[in-house]
Amino acid sequence: MSIVTVQLGQCGNQIGFEVFDALFSDSHCSQGFCSKKENEAYQASCKERFFSEEENGVPIARAVLVDMEPKVINQTLSKAAQSGRWKYGQHSCFCQKQGSGNNWAYGYSVHGPRHQESIMNLIQKEVEKCDSLSGFFIIMSMAGGTGSGLGAFITQNLQDEFSNSLRMNQIIWPYGTGEVIVQNYNSILTLSHLYRSSDALLVHENDAVHKICAKLMNIKQISFSDINQVLAHQLGSVFQPTYSAEGSSHYRRNPLGINWQVRPPLSGLPPLGRASVGAEPHFNTSIANLVILRGKEAHSADLEGFKEPALYTSWLKPVDAFSVWRTQRAFRRYEKSAALVSNSQFLVKPLDTIVGRAWNMFASKAYIHQYTKFGVEEEDFLDSFTLLEQIVASYCNL
């Protein structure tokens, strides 16, 4: 089953390139600890998911590139073409001459409706190339204007037009020190809209990835390219094929096939305002964890620690909350590798911080006029605060 990737804004397009490059490189690595037959099945499964028909022997990424300025898209197309290994489709891009000025409202209320038909037509054409559609992978930031505002708008359209297909949004959490003065406004509007229209939000924090580059990789001058390559590596280790069941010889058809509908029971609505997050436990309580093991000894690794009932919320049995996917096929020439996808309390504190900062600005009416002039009213902010406060409260009570 195939995945159609939608790359939005500068962040989404730069990361998207690195993801496809990582996926292609991995699928053509040496086969590691698996048989030739298994390796061939792995390569075929990866190609079906992420690449469509070949053009002059070069696979074409199943992707639509969207930005309101042409510079990054042109750079991304050029880098892919220069690699000579894979490329983007000639007619899979949409760009304009004017960006969104880091304003979520402009991306959502102006660019979205204005260019809805053109962008959705490109996505429809990409879907029609798939023999069987698994879902959509939408890569975007949540702090800027185009990626976050237009990204939220397009995700809602995908919900309307492809209601039976999964929608997973990979969102980049902004640096805590701040990149854009209104990033907290943009973030709460993005999160509240995606929570209603997406099946899963896969979150990466810039601060956390920056630490990986500095402390684990010992990079002295960290660039966005370094950060994007780490993100692509992590995403590739999740999305590449694994077996569908213990002892199976068939690779999993649907790489998004987790039960994304599991939700914490909603607590009563907190009062609109600031709800403080209490003292943190010594670990994050989880709703669900997925461990993906690749390479040598993948089938014999001891994972009993992940089945400890204390790790999980009381209303879901550990047997239902923990999943493991395995394959002896190595990832990116690593002898052994493991990835963890976790739905837990990990983001409670960062989310509470962003909501608090946005609330403080909203209480003083700072910059609100930049949003109301493009159709986002104060009531929309209040709705976003209410929903996100409710999410914080629900996760705190796991």
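Contact here means heavy atoms within 4.5 Å. I start with that cut-off, then go through the entries.

**Ground rules.** I am working on a predicted model, where local features need pLDDT of at least 70, side-chain atom pairs count only at pLDDT 80 or more, and totals for chains, interfaces and linings use all residues. Residues are numbered from 1 along each chain as its sequence is written, and side-chain values use heavy atoms, with hydrogens and water left out.

**Confidence.** I checked pLDDT, the predictor's confidence in each residue, from 0 to 100. The protein has a mean of 87, and 90% of its residues reach 70 or more. Over residues 267-276 pLDDT stays under 50, and the model has 21 contacts beyond four places in sequence for that stretch. Where pLDDT is low, the predicted coordinates should not be read in detail.

**The sheet.** Helices (H or I, at least four residues) and strands (E, at least two) are DSSP runs, numbered from the N terminus. Two strands pair if DSSP finds at least two bridges between them. I found an open sheet of 6 strands in the order 5-4-1-6-7-8, with parallel pairing. Strand 5 and strand 8 are its edges, each pairing on one side only. On average, neighbouring strands of this sheet are turned by 15° against each other, direction ignored; axes are lines fitted to C-alpha atoms, for helices over the stretch in contact, and angles run from 0 to 180 degrees between N-to-C directions. I then looked at one pair: strand 7 and strand 8 share 6 bridges in the parallel sense. Tryptophan 173 stands opposite glutamate 205 in strand 8. Helix 6 (residues 183-197) lies across strand 6 (133-141), strand 7 and strand 8, at about 160° to strand 7.

**Helix 7.** I call a residue buried under 20% relative accessible area, exposed over 50%, and partly exposed in between (1.4 Å probe, protein chains only). In helix 7 (residues 206-216), Asn206, Val209 and Cys213 are buried. Seen down the helix axis, the buried residues fall within an arc of 75°, so they line one face; the arc is that of the directions from the helix axis to the C-beta atoms. An α-helix has 3.6 residues a turn, so residues three or four places apart point the same way. Lys211, Lys215 and Leu216 are exposed on the other side of helix 7. The cover over its buried residues includes strand 7 (166-173), strand 8 (200-205) and helix 8 (224-239). Asparagine 218 follows helix 7 and has a positive phi, near 55°.

**Isoleucine 15.** I found this residue in helix 1 (residues 9-27), buried with a relative accessible area of 1%. Beyond four places in sequence, isoleucine 15 contacts Ile139, Gln170, Ile172, Asn228, Leu231 and Leu235. Isoleucine 15 and valine 230 are 215 residues apart in sequence, yet 9.6 Å apart in space, C-alpha to C-alpha.

**Serine 92.** I located serine 92 in the loop between helix 3 (70-83) and strand 5 (93-95). Serine 92 is buried at 3% relative accessible area. A polar atom of its side chain lies 2.8 Å from the backbone oxygen of glycine 89. Its contacts beyond four places in sequence include Ala63, Leu65 and Glu126.

**Isoleucine 292.** My last stop is in strand 9 (residues 286-295). Isoleucine 292 counts as buried at 1% relative accessibility. Among the residues that isoleucine 292 touches are Val238, Trp325 and Ala338. From isoleucine 292 to alanine 338 I note 46 residues in sequence and 5.5 Å in space, C-alpha to C-alpha.

Note on methods:
A polar contact is a pair of N or O atoms within 3.5 Å; within protein, one must be able to donate a hydrogen and the other to accept it, and residues adjacent in sequence count only if both atoms are side-chain atoms.
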